[in-house]
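Trainee: I would like to learn how to read the packing in a model of this kind, step by step. Could we go through it together?

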Amino acid sequence: MNASAERADTIAINRRMTHFDGHSQVWLFGYGSLIYKADFPHIERRPASIRGWARRFWQGSHDHRGTPTAPGRVVTLIAEADATCVGMAYLVSPETFASLDVREKNGYLRLATELTLDDGRHANGLVYIATPANAAFLGAASEREIALHISRSHGPSGANRDYLLHLADALRRLGADDPHVFAIERELLRL
Ligand code: SIN
């Protein structure tokens, strides 16, 4: 790991998080790869949304879709009062967070959020968010620049392009309208 990848490593911080201590089951809201790659044990999985957050390809990926010297671009959530983010909720046992913290270690922190499940229920849960303060944060760029960046990036989990295309596909299947993700997909397919 180079210095910035090391600074972005959030495993130790997340292990100290005490939200939902003592609970036997916790809802997790996924809005990126956690929508379509559910390779962790879960008790229930259902479409859900959270309010006040917008999905953006503004986070660098040193460990999955890029490398420490050539980070890829993946999604994080940016606070936006009127935004609603559609994703997938998983009911998991607290032990599952040990492996999720490793998967999401490149700058993502577990934060508490209220979720609305597709059956109308409301629940409190957790979401992994990479805030602008983390060392791997890349920030805004035009949708064309983001598509170009994604088209050139690869990492241990595969091509950055596949992350974008799988996410766009999963969002369509959820019936989610996400102009940012779909515009980047269009730009990528035009290259
Ligand atoms: C998420 O999917 O909820 C977090 C970002 C990612 O792993 O792609």
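This is a predicted model: local features need pLDDT of at least 70, side-chain atom pairs count only at pLDDT 80 or more; totals for chains, interfaces and linings use all residues.

Mentor: Residues are numbered from 1 along each chain as its sequence is written, and side-chain values use heavy atoms, with hydrogens and water left out.

Trainee: At what angle do the axes of α5 and α7 cross, and how is that angle to be read?

Mentor: Helices (H or I, at least four residues) and strands (E, at least two) are DSSP runs numbered from the N terminus, and an axis is a line fitted to C-alpha atoms, for helices over the stretch in contact, with angles running from 0 to 180 degrees between N-to-C directions. Here the axes of α5 (residues 143–152) and α7 (residues 179–190) come within 8 Å and cross at roughly 60°. That angle makes α5 oblique to α7, given that angles under 35 degrees count as roughly parallel, over 145 as roughly antiparallel, 65 to 115 as roughly perpendicular and the rest as oblique.

Trainee: Which residues of α5 and α7 make the contact?

Mentor: Contact means heavy atoms within 4.5 Å. On α5 the contact is made by E143, R144, I146, A147, I150 and S151, and on α7 by H180, A183, I184, E187 and L188. By class, the contact of α5 with α7 has six nonpolar, two polar and three charged residues, where Ala, Val, Leu, Ile, Met, Phe, Trp, Tyr, Cys and Pro count as nonpolar, Asp, Glu, Lys and Arg as charged, and the others, Gly among them, as polar.

Trainee: How do α6 and α7 pack?

Mentor: Helix α6 (residues 160–174) packs with α7 at an angle of about 130°, their axes being 10 Å apart, and the two are therefore oblique to each other. The crossing in which α6 passes α7 is left-handed. From α6 the contact draws on R161, L164, L165, L167, A168, L171 and R172, and from α7 on V181, F182, I184, E185, L188 and L189; these divide into 10 nonpolar, no polar and three charged residues.

Trainee: Which residues have the most contacts inside the largest nonpolar core?

Mentor: In soluble globular proteins, nonpolar side chains tend to be buried together. A nonpolar core is a set of buried Ala, Val, Leu, Ile, Met, Phe, Trp, Tyr and Cys residues joined through side-chain atoms within 4.5 Å. The largest one in this model has 48 residues, and those with the most contacts inside it are F29, Y31, F57, F97 and L167. Strand β3 (residues 72–92) gives the most to this core, with 10 residues. Leaving aside neighbours within four places in sequence, L167 is in contact with Y31, G32, I35, Y36, R55, F57, V75 and V181.

Trainee: Is C85 buried or exposed?

Mentor: Buried means under 20% relative accessible area, exposed over 50%, and partly exposed in between (1.4 Å probe, protein chains only). C85, which lies in strand β3, has a relative accessible area of 1% and is buried. Its C-alpha is 5.4 Å from that of I50, although C85 and I50 are 35 residues apart in sequence.

Trainee: What does R73 touch, and how is R73 classed by accessibility?

Mentor: R73 also lies in strand β3 and, at 6% relative accessibility, counts as buried. Beyond residues up to four places away in sequence, R73 touches several residues, including F57, W58, L138, I146 and I150.

Trainee: Where is Y36 found, and what does Y36 touch?

Mentor: Y36 is found in helix α3 (residues 33–36) and is partly exposed, with a relative accessible area of 23%. Not counting residues up to four places away in sequence, Y36 touches R65, Y163, H166, L167 and A170.

Conventions
A crossing is left-handed if the near helix is turned anticlockwise from the far one by less than a right angle, and right-handed if clockwise.
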